[in-house]
Amino acid sequence: KGYLTRHELRAAHMHLLGRIPSLVEMDAMLPKQADGLAHLELHAFCGLMVPKLCSQDPDEVIRRAFRAFDTGRKGFISRSDVQSVMQRVAPHLPQQTTDLIFSQVDTDGDGRVSYKDFHSMMCTRGIGRAQLWPSSRTWRQENNALPERLWPEPGV
């Protein structure tokens with residue numbers, strides 16, 4: 001469909017930034033319309049979210065990712081935690097792939113991944129500060145070069 005409603009924008013904001021936006025923030029991002037048909041197109045959504053995502057603390061993003069796996073708040077991630085998450089986000093992924101992912105992160109083979117090991121893995125395997133947190137200007141330059149069918153211009 002190419003756009004988000006206010007409800008979808010609120011959900012997307014929560015998923016991307018880890019918190020529900022206030023009504024003031026929602027009104028600033030997407031003012032209510034009298035006819036109730038307010039929507040935000042892809043390019044406008046990206047323009048709003050890129051600066052917010054780029055200004056996030058990478059360590060906080062890693063903490064949130066760890067907590068997404070450690071649902072029982074045990075302080076470590078078990079193989080079953082990884083399997084559970086992967087079933088929700090990638091149900092088509094073969095069990096062998098999930099086992100391989102876990103075995104590569106569980107470097108000492110104890111069946112647990114500590115926060116320290118998780119953080120280290122995220123920073124050393126291309127997920128760290130420099131790779132995921134480019135400046136919003138760099139991101140826009142790289143992504144505005146995408147073909148028009150993938151990155152439509154305003155009003156298209």
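In the predicted model, the second largest pocket holds about 250 Å³ of space. Its lining is made up of 13 residues, and those nearest the pocket centre are Phe69, Ile101, Val105, Phe118 and Met121. Two or more lining residues are given by each of α5 (79-89), α6 (95-105) and α7 (115-124). Of the elements, α6 supplies the largest share of the lining, with four residues. Sorted by class, the lining of this pocket comprises eleven nonpolar residues, one polar residue and one charged residue.

With residues up to four places away in sequence set aside, phenylalanine 69 touches Ile77, Asp81, Val82, Val85 and Phe118.

The next residue considered, aspartate 70, is placed in the loop between α4 and β3 (76-78). Aspartate 70 has a relative accessible area of 4% and is therefore buried, the limit for that class being under 20%. In contrast to aspartate 70, which is buried, arginine 73 is exposed, at a relative accessible area of 56%. The backbone of arginine 73 has a phi value near 55 degrees, which is positive although the residue is not a glycine.

Eight salt bridges are present in the structure. One of them joins the side chains of arginine 6 and aspartate 27, with an N to O distance of 3.1 Å. Because arginine 6 belongs to helix α1 (residues 6-17) and aspartate 27 to helix α2 (residues 23-29), this pair ties together parts that are 21 residues apart in sequence. The two partners fall into separate accessibility classes: arginine 6 is buried, with a relative accessible area of 17%, whereas aspartate 27 is partly exposed, at 35%.

A network of salt bridges links Asp57, Glu60, Arg63 and Arg67. Within this group, arginine 63 pairs with glutamate 60 through a salt bridge of 3.0 Å, N to O. Both of these residues lie in helix α4 (residues 58-69), where three residues, or about one turn of the helix, separate them. Arginine 63 also forms a salt bridge with aspartate 57, for which the closest N and O atoms are 3.9 Å apart. The relative accessible area is 30% for arginine 63, which is partly exposed. Glutamate 60 is likewise partly exposed, with a value of 27%, and aspartate 57 is partly exposed at 37%.

As to the overall fold, the protein has nine helices and four strands. Along the sequence, these elements follow the pattern β-α-α-β-α-α-β-α-α-β-α-α-α. The protein has 156 residues, of which 28% count as buried. Among contacts with a separation of 6 or more, 55% are accounted for by residues 24 or more positions apart.

Terms used
Residues are numbered from 1 along each chain as its sequence is written. This is a predicted model: local features need pLDDT of at least 70, side-chain atom pairs count only at pLDDT 80 or more; totals for chains, interfaces and linings use all residues. Side-chain values use heavy atoms; hydrogens and water are left out. On a 1 Å grid over the protein atoms alone, a cavity is a set of points where a 1.4 Å probe fits but cannot get out, and a pocket is an open set with protein on both sides within 12 Å along at least five of seven lines; lining residues have an atom within 4 Å of a point. Grid points are joined across faces, edges and corners, and a volume is the space filled by probe spheres set on the points. Ala, Val, Leu, Ile, Met, Phe, Trp, Tyr, Cys and Pro count as nonpolar, Asp, Glu, Lys and Arg as charged, and the others, Gly among them, as polar. A salt bridge is a side-chain nitrogen of Lys or Arg within 4 Å of a carboxyl oxygen of Asp or Glu. Buried means under 20% relative accessible area, exposed over 50%, partly exposed in between (1.4 Å probe, protein chains only). Contact means heavy atoms within 4.5 Å.
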